[in-house]
Amino acid sequence: MTPRRALPTAAALLLLAGCTSFAETLAAEHGAAGQDTADQGTVDQDTAAPSSPAPGGQESCPAERAGPDPDRPVVDLDFRLSDDLRTVTGTETVVFTPDVATDELVFRLVPNGPGAAGLGNRITVDGARGDDVDRTGYEDAGAEAPGGLYVLRLDGELEPGDSTEVELDFTVSLGEGGFERLGAVEDVSWWASGFPLLAWEPGVGWARDPFVDVLGETATSPAADTTVSVSAPGELTVLMTGDQDEPSAADDGRRTWTAHEPVARDVSVAAGRFRTATLTTDGGVEITAGVLPGAGVGPGELADQAAEEVTALAERFGAFPYDTLTVPLLPDAGGGIEYPSSVLLAGASRVVLEHEVAHMWFYGMVGNSQFRDPWLDEALATYAESSVGERGSPGPLDRALAVPGDVGAAMDGFEDTGTYVDVVYGKGGAALLAAREAAGAEAFDAALRCYVRANAWTVATPDDLAAALAGLPAATDVLVAAGALD
């Protein structure tokens, strides 16, 4: 989810910290040149042999994809983009029902992280209220002022199964220059994670992980039933997370856009002078692509490319997790940032697009702690782009596997961004490819589909992936040797 930028790695490549392309990276380093319909509200009807034995002798494999928690948070976001496209004001309403007792609510302020804040982005909480709220305040968490976390202390303990409703007002300042999850340039603004993000790990509690200087992700958030409303200048088109309604009629020079996503861990919004094209895949996924004036690719071509990636990845991992996908192409080059049912794309690279679409399965649906276990989404997404798309030769796997460092290290275990990318993307992607070779492609693919079905809409851990691979010791041995699994 973070931007691509020039980094001083050994290969001297443009790397996308958070969303780089493994196949593209190794190819440069080594000189190498039927989907099912997803039912978001309940379960996915995957078509792999119902009640069939699990691969490799596992005890069980779900016949269907797990459904989202019926007690998941309910989030309503009301954004207003200023006429000069530089400021977003908003109100967030959250209904939260914990499965572990707590006396507080913790929100992560992603725009205040070192990378985003360094480009002039910032978020402040202007007010918070709720019948159960006692006091509020910021916590530093390694972010820029006013802080990386915002905490609402409750006036008593909230027991599992009980609910509380809170409301937060906030202001987001959009920076200029560079490709980040937030920004504004002429005729277009975008903000992703541009609101106080509920930092809850179901079954565990609040994720107070610190921000780091490494250009990677550190968030943990649950899938939430999310509604988004955006008021924007009338000449702009809004593309965002969720199934969008038609915009309202212009009123005083502005239009309001709304969308609903029943299972969103986070939200992205782009508002600009987009030309758009919409198509529906054979599996029923509605894809809308948008390009700005002067773009080197048309919206129809971009939508076609996205549809091809959705279909190819669904054949490997199961039905696409969402009913819709939006792909706004932003005015920068060389990367992409994935959000639930939306990709902020900078440059029309097929390899990057495939990587970001793969994230819809790995992090969007099968979540993880991006601070504690970053490889569970990034290594799997880079593995997908090589094993599914095969758009670039990954090069010799043994060379990538020989890179020092444990693939399963936490974000604070990497001394710099180059090391993080080399280990999590390069070595992690190579380890998964090598594990597939060792176990056999058919058995490994079946095991990953079991992992997806069993852990959909949860925050998964390496133990969950190890359980899915338990009957494939050759694959497990490879991942243990790479430091991905214990």
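Me: What makes a residue of this chain count as buried, and what share of the 486 residues does?
Reply: The cut-off is under 20% relative accessible area. In this predicted model, 60% of the 486 residues count as buried. As for the surface, the chain exposes about 16,600 Å², with carbon and sulfur atoms supplying 47% of it.

Me: Why is the second largest cavity called a cavity?
Reply: A 1.4 Å probe fits there but cannot get out, so the word is cavity; a pocket would be an open set. The volume of this one is about 100 Å³. Closest to its centre, out of 14 lining residues, are Val75, Leu197, Ala224, Ala264 and Arg265. The elements giving two or more residues to the lining are β3 (74-81), β12 (197-198) and β15 (224-233).

Me: How do you know which class those lining residues belong to?
Reply: You go by residue type: Val, Leu and Ala count as nonpolar, for instance, and Arg as charged. Sorted that way, the lining has 9 nonpolar, 2 polar and 3 charged residues.

Me: β12 turned up in that lining. How do you know that β5 and β12 pair?
Reply: Pairing takes at least two bridges. Strand β5 (residues 102-108) and β12 have 2 bridges, in the antiparallel sense, so they count as a pair. Phenylalanine 107 stands opposite leucine 198 in β12.

Me: What makes β7 and β12 edge strands in their sheet?
Reply: That open sheet has 4 strands, in the order β7-β8-β5-β12, with antiparallel pairing. β7 (133-139) and β12 each have a single partner strand, so one side of each has no neighbour in the sheet.

Note on methods
Residues numbered from 1 in each chain as written. Predicted model: local features only at pLDDT ≥ 70, side-chain atom pairs only at ≥ 80, totals over all residues. Heavy atoms only, no water. 1 Å grid on protein atoms, 1.4 Å probe; cavity = no way out; pocket = protein on both sides within 12 Å on 5 of 7 lines; lining within 4 Å. Points joined across faces, edges and corners; volume = space filled by probe spheres on them. Buried < 20%, exposed > 50% of the residue type's maximum accessible area, 1.4 Å probe, protein only. Areas by Shrake-Rupley, 256 points an atom, 1.4 Å probe, with all protein chains shown as cover.
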